[in-house]
Amino acid sequence: MSEEKTVLNLPATLLVGSYGGGSAMNMARTISHYDLNADTIDKKTLIVKANEEFEQEKASHQQDFMESFTWFHSVQVSSRVYGSETGAINIMAHGRIFKGATSLTNLQKYPLIYFYPIYGINHEKHGARRAKDPAILLPGKFRRADQHVHTVDIDNYPRYGSDMAKVFIERHCRYSAISVCCVDEMSKEVEVSRIIILAPELEAKYQPKTNEDPQNYLQEFAKREFDSEPHVLEWIKTGRLPDLPLSNGETNNPITNDLMEGQRESLSHIYSRDSSRIESAHHEEPKSINLCDVAGWSIKDFFRIRTNLLQDPTLLFSSLLNPFPNSVADDYRSKLMNEGYDSVGAIYHLTVDECRKLGIKKGHALMIVERVKDLHTEIDSKLPSVDSGHQKQVIDSLTKEHSSLKQTYERMLRDQEEVQKELHVSKQKAQLMKSEFEIAKVDRDRAREENLKLSFLNAELQRKIQTTNEENANMIYFAEQFERVQNENEALRKLIGDACLSKTRSGPKVRHVSPPEDSVDKKERKEGQ
C-alpha cells in the first residue's frame, strides 16, 4: 500500500466506511493491507463490464481504452463499520482518486465502482428490486458513485461523501468478503481490491507480527477460520476476481458453480440455525397431542393416506377408465399421462374438447368428464369406515389441538409485543446514547481546541522564560565585570593616596647632578694655573 498521504491524510487505496450526511461519518479500521501483482487481474472481464456501463451512458470510448490505464491490485483486511445497525457500508475511493490533492476545495469525482460478493453479503438487499436505487451496488456490475470531500462547521475537518457505492453485509456472519474495482477516467487509474471484513470476534484473533509476511499470515489465518468455505480460501490464494454470473445465475466456470452452491448451502445452514435459535428463545414448542386412532392409525395418517390415494395414478385411472375395455383404457391412460393428466388436480381441468384433441372418442370423453366429478367420493369409499364414536373422538381431539394451538399462537403474539416493546426501548436508548455521543464528540473537539491553545501558550511561555534566563545571565556577567572594575579602581585609588602621603612626610627632594668628566678636568687645570 502506498504510504503517501496528502491533505486528506488517507492512504492511496479503496477503504471501507459509512457516511450518512453532515458529520455522520465512520471509517472502518484497516487491520492489514498488501499489494499484489497487477498482471494477475482479469482485465478483459472488467473492461467488458465497464464498456456495458459506458454504452448505457452513451459515452464514446474505445473498447480497449482501459488497457492503457495504470492498474493496481491489493488485498485488505478491515474491521466492521461500528454503529451500522443495518450492515450497510460504503466503498470509499477518496484516498485513490484524490491522492495528489493539496487543498480541500473542489474535490469531487464520479468514478465507476464494481462490486462482486464472495461471502457474507445480504443478497436480498442487492437484488433486482434494488436496481433502481443508484446508491446500491449490483453484483457483477459497474455503477457511478459520487465521491467528494467537504467540511462541517463543528470542527472544519474533512468528511468523505457521499452515501453511494453501498454494500450490505450479513451481521450474523463472522466475516464478509468482497471484490471491488474503481475506474478513475480522469487520472487514468484502475484499482482492484479484495476486501475481507472481520467481525469483532475474528478481529481480536487477527494479530500479525510486525516483521511477518501479511500474505502468508492471511492465508494461514483463513485456513484456520474459513475452512468451511473453500471457495473463499481459493479466492484469497489466487488473487483473481471470481467469474461473473450468467443470466441463469450460474457462471462460466463449473468449479465456481460448485463453490457458489457451497456458499448457498452454508448460508442456508446459518439461516436455519439462527431461525431455530430465535424461535426457541421466544416460545416453547407445543406439546405433542395424542389423537385417537381411526381404524388402527392416527388422524394424521388418515389424511396422509387419503392424499396419497388422490395422487396415485393407478387408483386414479382404475376409477376413471373402469367402464372401458383394457386395451382402450391403456390407450387412454397413456395419452392422458403423456399430456400431464396424472393427478386429481390435473384431471379436474379436463374438458371434452381436450379429450377430443388427445384422440379420445366423443362418447368416451363425455363419460370420462362425468366420472371426474365423482372421484373424491369413490376414493373416500376406499378408506376404512369410521363410526360415530370414532368421529366424536376425532372431533374432540381436533378441538383440543386447535385450542392448544390457539393458546400457543396467543402466547407468541404476547411475546412478539414484548419483544417489540423491548426493541422500542432499545432504539430509544440507542438514540439517547447517540445524542450523548454527539455531545461528547463536540466536547472532545472543543477540548482538543483548548488543548491546542494551551499548548501554543505553553510553548510561548517557555520561549519567554528562556529569553529571560538568557538576559539574566548577561546581567550577571556585566555585574561581575563592573564589580571587578570597581575593585581595580579602588586599588588604584589606594595606591595613589599612599604615594601622596609618603611625599608629604619626606619634604622636597634635592636632585644632585654629577658634572661631566670634561668639566672636572678643566676646573682642576684652571686651579693649578
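Contact means heavy atoms within 4.5 Å. Keep that in mind, and let's start with the whole chain. What we have on screen is a predicted model. Take the contacts between residues at least 6 apart in sequence: 73% of them join residues at least 24 apart. The chain has 529 residues, and buried residues make up 35% of them. Its secondary structure comes to 15 helices and 13 strands.

Strand S1 covers residues 15–19, and five of its five residues are buried. A word on strands in general. In a regular strand the side chains alternate between the two faces of the sheet. So which residues of S1 sit on which side? Leu 15, Gly 17 and Tyr 19 are on one side. Val 16 and Ser 18 are on the other. Both faces are covered, and these residues are all buried.

What does S1 pair with? One partner is strand S5, residues 88–92: three bridges join the two, and they run antiparallel. Look at Leu 15 there; its bridge partner in S5 is Met 92. Another partner is strand S2, residues 25–27, again antiparallel and over three bridges. Here Ser 18 has Asn 26 of S2 as its bridge partner.

Next, a separate stop: an open sheet of three strands. The order is S6-S9-S10, with antiparallel pairing. Which strands are at the edges? S6 and S10 are, as each pairs on one side only. Let's walk across. Strand S6 is residues 108–109, and strand S9 is residues 147–151; two bridges pair them. Gln 108 stands opposite His 148 in S9. Carry on to strand S10, residues 158–161, which four bridges join to S9. On that side, Val 149 has Tyr 160 in S10 as its bridge partner.

Now two serines. First, Ser 79. You will find Ser 79 in strand S4, residues 70–79. Is Ser 79 buried or exposed? The relative accessible area of Ser 79 is 1%, and the cut-off for buried is under 20%, so Ser 79 is buried. What does its side chain meet? A polar atom of that side chain lies 2.8 Å from the backbone nitrogen of Arg 29. Now leave aside neighbours within four places in sequence. Ser 79 is then in contact with Ala 28, Arg 29, Ile 31, Ile 197, Leu 198 and Glu 203.

Second, Ser 176. This one is in strand S12, residues 175–184. Ser 176 has 2% relative accessibility, so it counts as buried too. Its side chain has a polar atom 2.8 Å from the backbone oxygen of Gly 120. Not counting residues up to four places away, Ser 176 touches several residues, including Tyr 119, Gly 120, Ile 121 and Glu 170. Ile 197 is also among them.

On to the cysteines. How many disulfides are there? The count comes to zero. Cys 182 itself is buried, at 1% relative accessibility. Cys 173 is buried as well, with a relative accessible area of 3%.

Last, a helix: H9. Helix H9 is residues 326–338, 13 residues in all. From its first C-alpha to its last it reaches 18 Å, close to the 18 Å expected at 1.5 Å a residue. Which residues of H9 are buried? Ala 329, Tyr 332 and Leu 336. They cover an arc of only 70° around the axis, so they are on the same side of H9. Why does that spacing work? An α-helix has 3.6 residues a turn, so residues three or four places apart point the same way.

Methods. Residues numbered from 1 in each chain as written. Predicted model: local features only at pLDDT ≥ 70, side-chain atom pairs only at ≥ 80, totals over all residues. Heavy atoms only, no water. Buried < 20%, exposed > 50% of the residue type's maximum accessible area, 1.4 Å probe, protein only. Polar contact = N/O pair within 3.5 Å; in protein donor to acceptor, adjacent residues only side chain to side chain. Disulfide = S-S within 2.5 Å. Expected span 1.5 Å × (residues − 1). Arc of directions from axis to C-beta. Pairing = 2+ DSSP bridges.
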